[in-house]
Amino acid sequence: MTASDHPLFRDPPPPAEEVPLAQAGMDGASIPPAESRWRKRMRWVGRGFAALAILLILLIGWLAVTAPLSKSLEPIAPPQITLLAADGTPIARRGAIVEKPVEEAKLPPHVKQAFLAIEDRRFYSHWGIDPRSIGRALWSNVTGGPTQGGSTITQQLAKFTFLSPKRTLGRKAREAMIALWLEAWLTKDEILERYLSNAYFGDNTYGLRAASLHYFYRQPENLTRAQAAMLAGLVQAPSRLAPTKNPKLAEQRMKLVLNAMVATGAMTAAEARATRTPAIDVRRRSDLPTGTYFADWALPEARKLSDVGYSRQTIRTTLDSRLQGIARRVTARAPLGKAQVALVAMRPDGEVVAMIGGRDYAKSPFNRATQAKRQPGSTFKLFVYLAALREGWKPEDRIDNRTIEVGGYRPKNAGGRYSPSISMEDAFAQSSNVAAVRLFRDIGDEAVIRAARDLGVTSKLPKGDPSMALGTSTMTLMELTAAYAAVAANAYPVEPRAFEAERKNWFERVFSGPDSFGRREHQAMERMLRAAVNRGTGRAARLSVPNYGKTGTTQDNRDALFVGYANGLVVGVWIGNDDNSPLKGISGGGLPARIWRDFMTEASGRARPSAPKPAANPRGPVQPLDVPDVSDIPIGDNSSIGIRDGEAVLRAEIGGTQIDLRLPVDGQAARAGGAGSGTPAPNPSPAPIVTVTPGPATRNE
């Protein structure tokens, strides 16, 4: 060791503050000074605020998408829609009673004071959520006091505008967030306006204006203090407190509102004691809702056509009130026993003009014309024979009509009628089952399914099933009738509709118009449809004018149908039991064909003229077209007596010939009517008038 290495001879170390930072680390790197605990906490607080800010931005974006502000400007219930028949007769009304929104600046002070006193006294001082009100409600509920809610008016607006009525913790959290969001974007007066314009007041009435008109027949700008207090009291439990149902409860609640107004200084105690219960003035309204099968079917499309907003809509439909009345009469007087009936009448372009979905809408609103999927029976043979015509078959071509002895499926002909062969036309007219199955096997199921799809059938059609040729696949009566309408119009597919379609211009008709049959195919199909009525299973439907149609009867007579067209109308009739049990003595060529004939006869105007009626008032009372009037009294299987248009009508059917005996009951001259009677002439004598409609009564397939 040298002298310089000895500690006594070394230079003293520099002061601590002068030690270079580079010398602090063993590897020569600098080391930052130690961070204080306070600075660490502040850094984490900053990060938390940043995370909250990001979360808030995401929340605002989520609310903007899922709960757009404009939604609070829309009525919370669909506004009322009035459906009119083609002649302007109101046939049904649906939706809530809704009027235009109120304006806060135009309301009397006592109207706003009544709602604020009972619903949200601190409305103008909180930010959408009132901790004091929530605490008071919790304390009252915990201590066994009266159950209270802590929701502010803003929260209530958020609840019935944006959220479901389910009482869950998640919904309450969303309600609070939306309330804060509404307060950030809207003024207090705007929130109050939207709340008053959307709140439910009972009796299917939404909004202060609608409630004011409904209960007191006056605009909200003219409400008295007592009327305002009663309306403000309804919001808590509108269905239970409605004065039309529970006037005593409504009066008690009104007094509670008046006391709340005294507590807030809106009125004195003496004024509250002097305030008398207001008289309810519910006028007989012309907008009482009713229901019909047609209206139920048309309403979803009507909602699409109507504008979103508070205004009531009046939409004209294609329903013909005269034809609807005829449909109701001919089905009501039919000897159905316990069976149900459905009828659809449409123009060849698909405009539905009459609809019967069952015997009694009040007892069963289930629409058997549009909702029930039943087997079409031999009416399905339309698609089999149309597919054969497309494959080159002709009506005069022969088909083996002997019994089928081989294969797993061996159908039988009704009545055991067989022959070595039969023409295609006669096979269709007589509804030969074995001929239809052989034809189906020859052309293939794909060709038949393609023909059905072309004519608008959307129901499931299974492949590889030869029984489909006899109509074992299910579909609605509406689908089936529209398919026959395609043949009547020589244009397919035909889409049934309840409202007039927009007219296509020349360019659209040329380049995007419907398809049509070949001339040979269409003429051959109509030839066979005509043969089925004139000399086949549908002879009970025969008219004195060209008519076309097909009968259908399913296995064990579970369904009986007739579908056909004449005089610019396409009509389908179905009879069956809802439990799918067999019918007793009813086949497609019997009662359904006769109902079809009766409808067509009266629809043509040959049965009797209809008296001119004054123009209908769209705002007038609804005409319940599905409510049966006084029905004919049956006096036999095919006979009845009734009163129609001032005449006693005895209707009988002898050997398939319908006879109407008419006697005047009002001292006026009798009127002649019936198929082929032409324009009736005045008859100065009260002698009875006899009308004869030819046609055999019943033919089984």
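The legends below describe close-up views of a predicted model.

**View 1. A three-stranded open sheet with mixed pairing.**
The strands lie in the order β2-β1-β5. The edges are formed by β2 (90-94) and β5 (313-316), each of which pairs on one side only. From one strand to the next, the twist averages 20°. Strand β1 (residues 81-84) runs parallel to β5, and four bridges join the two. In one of these pairings, L84 has R316 of β5 as its bridge partner. Helix α12 (residues 293-305) packs on this sheet and touches β1, β2 and β5. The direction of α12 makes about 65° with that of β2.

**View 2. A five-stranded open sheet with antiparallel pairing.**
Strands of a sheet pair through backbone hydrogen bonds, in either a parallel or an antiparallel way. Here the order is β7-β6-β12-β11-β10. The edge strands are β7 (352-356) and β10, and each pairs on one side only. Neighbouring strands are turned by 5° against each other on average, direction ignored. Strand β6 (residues 340-346) pairs with strand β12 (residues 569-576) over seven bridges, in the antiparallel sense. The bridge partner of V341 in β12 is I575.

**View 3. The hairpin of β10 and β11.**
Strand β10 (residues 548-553) and strand β11 (residues 559-566) pair in the antiparallel sense over six bridges. G549 stands opposite G564 in β11. Five residues lie between the two strands, and D556 in this turn has a positive phi of about 60°. Is β10 mostly covered or uncovered? The strand is mostly covered, with six of its six residues buried. Both of its faces are covered: Y548, K550 and G552 are buried on one side, and G549, T551 and T553 on the other.

**View 4. A nonpolar patch on the surface.**
The patch consists of V45, F49, L52 and L55, which together have about 420 Å² of accessible area. V45 is found in helix α1 (residues 37-66). Why does V45 count as partly exposed? The relative accessibility of V45 is 39%, and the partly exposed class lies between the limits of under 20% for buried and over 50% for exposed.

Conventions. Residues are numbered from 1 along each chain as its sequence is written. This is a predicted model: local features need pLDDT of at least 70, side-chain atom pairs count only at pLDDT 80 or more; totals for chains, interfaces and linings use all residues. Side-chain values use heavy atoms; hydrogens and water are left out. Two strands pair if DSSP finds at least two bridges between them. Axes are lines fitted to C-alpha atoms, for helices over the stretch in contact, and angles run from 0 to 180 degrees between N-to-C directions. Contact means heavy atoms within 4.5 Å. Patches are made of residues with over 30% relative accessible area and no salt bridge: like charges are joined within 9 Å, nonpolar side chains (Val, Leu, Ile, Met, Phe, Trp, Tyr) within 5 Å. Accessible areas come from the Shrake-Rupley method with a 1.4 Å probe; for residues, only the protein chains shown count as cover. A salt bridge is a side-chain nitrogen of Lys or Arg within 4 Å of a carboxyl oxygen of Asp or Glu. Buried means under 20% relative accessible area, exposed over 50%, partly exposed in between (1.4 Å probe, protein chains only).
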